[in-house]
Amino acid sequence: MKIHPHFASWEKSYLFQELEETYRNLPPGHRNRVIPLAIGDPDLPTPAGIREAMIRACRDRYFGYPSVEGRKDLREAITRHYRTRFNVAVHPDEILIGPGAKTDLFDLCAVFARPGDIGAVLDPAYPVYSDSLTYRGVRIEWMTGTPQNGYMPYPRIAPADAGRLALIYLCYPNNPTGITATRSYARDMIDFAVRGDALIVHDIAYADFMTGTDSTEAFSIFALDGAEDIAIEVGSFSKPFSMTGDRIGWVVIRNRKARMQWRRYRSNRDSGVSEIVQLGALAALSDPDVTREVRDNMRIYRERADILMEGLSGMSDMVMGLRNSPYAWFKSPIPDSRKAAGIILEKALVQVTPGVGFGPAGEGFLRATLFQPADKLREALNRMRSLSFETA
Ligand code: PLP
């Protein structure tokens, strides 16, 4: 057996796969008592209108292979969503429906970077960006986020690497910190990309989740001048609509040449997204009953966010997030986040995510999701409150 050297150079398995395995390997008596707050998988069911639309689709007809770019009616619904949600006019032809944001995010650098080029990646952030760059032989330039720079860091490209920056990955609202960028920061990044002949990948998987109401509310990168030619925006149905298992997201590419390249790649890589799932996604954006159910779900998530924020604030020096994302990002009781998460799992039977899994700057932090009922969250907080890390 031969292993591709780029793949072999990965030090680890996928973070959330590791967490899943740790959970599965617990003794059964423990496993049943563990409160899992590590993986961002909504616990509230997919809204009924979405499920019914998928059942109808199954019952009514046979579809055959879907088109690579996705159904026109779904792309039109995303266009309407962009107009009402972000006040941005994108054309349905500028949208490609894909099999989940993760899959597309992982592959963008297969098209838009050359081996030896540089991908600038937020640190901390969703690990898929850096993992995909490693796999394709693209060098990673970590953009280190800190509380001091408001988790809005800038790339630093050495003069010797001028011209090698290919991609800048932005994720706002951010996983794991929950930070939503300011528009002036995004404008700076657009200028940076234009000067370096690079593309921005803007991941808005959380833009429709529990949206805040302050000046930093989530926005589409295409709301900003200059983004049209140099940005790719990736969206997902997973979190706001509890559709993680259905595997559907979208990519907006307004630059025609770039879109043609991505379409060409897609038509080689996959054969589109199940029409049944696409019809579920269409209901997600167009059925008023779904809109109502999602609004009710967000109210439940907001109540849970308050519970987590209050509980964790009593235990940790610093708690962030929970406004525009389903995550609390908080200072770990000890600097080694893997060790802290291990102790919390072993002694409190609560699983949280070690911050270092999101990049080097995540060390010293932990992430907890709100995807558990309120009573479980309260129980998890009680168990964590009684822990001692003194001898750790
Ligand atoms: N982007 C971010 C920032 C995420 O946190 C996640 C999943 O956790 C994804 C993308 C993946 O979305 P999808 O389920 O559409 O693949």
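**Note on the domain contact, a helix pair and the ligand shell**

1. In this predicted model, 35 residues of domain 1 are in contact with 38 residues of domain 2. On the domain 1 side of this contact, α1 (5–8), α12 (288–313), β9 (319–321) and β10 (327–331) each supply at least two residues. The largest share comes from α12, with seven residues. By class, that side of domain 1 has 20 nonpolar, ten polar and five charged residues.

2. As for the division itself, domain 1 is made up of 5–45 + 290–385, and domain 2 covers 48–287. Taken over C-alpha atoms, the centres of the two domains are 24 Å apart.

3. Helix α5 (residues 72–86) packs with helix α11 (residues 275–286) at an angle of about 30 degrees, and 9 Å separate their axes. Angles under 35 degrees count as roughly parallel, and α5 and α11 are therefore roughly parallel to each other. Their crossing is left-handed.

4. The contact between these helices involves Asp73, Leu74, Ala77, Ile78 and His81 on the α5 side. From α11, the residues that meet them are Gln278, Ala281, Leu282, Leu285 and Ser286. By class, the residues of this contact comprise six nonpolar, three polar and one charged.

5. The ligand is surrounded by 13 residues, of which the closest are Gly100, Ala101, Lys102, Ser236 and Ser238. Which classes make up this shell? Seven of its residues are polar, four are nonpolar and two are charged.

Notes: Residues numbered from 1 in each chain as written. Predicted model: local features only at pLDDT ≥ 70, side-chain atom pairs only at ≥ 80, totals over all residues. Near = placed C-beta within 6 Å. Nonpolar A, V, L, I, M, F, W, Y, C, P; charged D, E, K, R; others polar. Axes fitted to C-alpha atoms, helices over the stretch in contact; angles between N-to-C directions. Helix = DSSP H or I, 4+ residues; strand = E, 2+ residues; numbered from the N terminus. Parallel < 35°, antiparallel > 145°, perpendicular 65-115°, else oblique. Left-handed = near helix turned anticlockwise from the far one by under 90°. Contact = placed C-beta atoms within 7 Å. Domains from an automatic or database assignment.
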